[in-house]
Amino acid sequence: MRIDIISAVPELLTGPLDHSIVGRARKARKVDIVIHDLRQHSTDKHRKVDDYPFGGGAGLVMTPQPVFDCIESLKRERDYDAVIFPTPDAKVLDQQTVNKLSLLGNIIILCGHYKGIDQRIRDELVTVEISIGDYVLSGGELAAMVLVDSMVRLLPGVIGDAESALDDSFQDGLLSAPVYTRPANFRGFSIPEVLASGNHERVRLWREKKALESTREKRPDLYQNFINKK
Ligand code: SAM
């Protein structure tokens with residue numbers, strides 16, 4: 001998978017993408033992540049990438065020229081499966097969407113800023129719009145990192161058994177069961193006896209029960225969907 005991220009503030013993207021699972025995946029060439037400074041594509045003498053909104057109102061809007069030039073230059077080099085625009089006025093990201101996106105080959109993520117981006121960019125270039133939640137961030141970089149992290153951890157060979165993604169929350173429509181590690185007794189607080197029983201079937205049933213209980217309590221919407229599908 002190759003991910004091109006376009007940003008007017010590329011400094012925001014260094015750090016989180018260089019460490020831990022994503023950093024290791026990049027080093028192992030399981031994913032190529034290339035960050036593009038949008039200002040380098042601006043033809044304005046001050047490398048401006050924003051302007052006042054037509055019709056008035058507060059805030060600035062990202063101009064089409066640098067974005068069109070940047071995306072067109074990338075598309076001349078290779079085909080892309082998706083041009084993703086993280087934006088709060090879109091469907092909220094979920095695990096099923098992440099699973100599907102992680103199967104794509106080459107993708108572009110365009111980070112918005114200010115009041116947002118000129119609508120013509122959305123109409124002509126963007127193919128997928130995704131919100132990471134019902135709140136507003138200052139820019140699309142954090143949302144881009146959420147997307148990248150959630151996709152990259154699903155790529156083949158990126159995480160091992162120790163970090164298995166398959167029994168994470170949401171993969172089967174439920175939240176995951178609680179987890180415990182050594183020692184079995186910490187300051188008088190013991191782990192559930194079944195987890196040390198060595199009986200795999202009992203452990204499986206316990207986890208299933210706890211996942212159901214946790215989902216019913218914390219996310220009744222997910223619980224209801226799960227029950228309806230059964
Ligand atoms: N005026 C826009 C609105 O009300 O929908 C918000 C613009 S926001 C200040 C600037 C940029 O941050 C957006 O263009 C988008 O790229 C990113 N952003 C903000 N909140 C987001 C969210 N919940 N999910 C994904 N991206 C978000």
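Leaving aside its neighbours within four places in sequence, with which residues is V152 in contact?

Author: This is a predicted model, in which local features need pLDDT of at least 70 and side-chain atom pairs count only at pLDDT 80 or more, while totals for chains, interfaces and linings use all residues. Residues are numbered from 1 along each chain as its sequence is written, and side-chain values use heavy atoms, with hydrogens and water left out.

Apart from neighbours within four places in sequence, V152 is in contact with I3, V22, A25, V31 and V158; contact means heavy atoms within 4.5 Å. V152 is also listed with I3, I5 and V148 as the residues with the most contacts inside the largest nonpolar core, which has 28 residues. A nonpolar core is a set of buried Ala, Val, Leu, Ile, Met, Phe, Trp, Tyr and Cys residues joined through side-chain atoms within 4.5 Å. Buried means under 20% relative accessible area, exposed over 50%, and partly exposed in between (1.4 Å probe, protein chains only). Two or more residues of this core come from each of strand 1 (2-7), helix 1 (20-27), strand 5 (82-86), helix 3 (95-101), strand 6 (106-110) and helix 5. Helix 5 supplies the largest share, six residues. Helices (H or I, at least four residues) and strands (E, at least two) are DSSP runs, numbered from the N terminus. In soluble globular proteins, nonpolar side chains tend to be buried together. A second, separate core of 19 residues includes V67, V83, I108 and V126.

The wider chain gives the setting. The protein chain has seven helices and nine strands, and buried residues make up 39% of its 230 residues. Of the contacts with a separation of 6 or more, 74% are between residues 24 or more positions apart. The C-alpha trace spans about 70 × 40 × 35 Å along its principal axes.

Another buried position is T215, with a relative accessible area of 0%, in helix 6 (residues 200-218). The side chain of T215 reaches the backbone nitrogen of L175 at 2.9 Å. Leaving aside neighbours within four places in sequence, T215 is in contact with L174, L175, P220, L222 and Y223.

By contrast, Y135 is partly exposed, with a relative accessible area of 44%. Y135 is found in the loop between strand 7 (128-130) and helix 5 (141-152).

How values were computed
A polar contact is a pair of N or O atoms within 3.5 Å; within protein, one must be able to donate a hydrogen and the other to accept it, and residues adjacent in sequence count only if both atoms are side-chain atoms.
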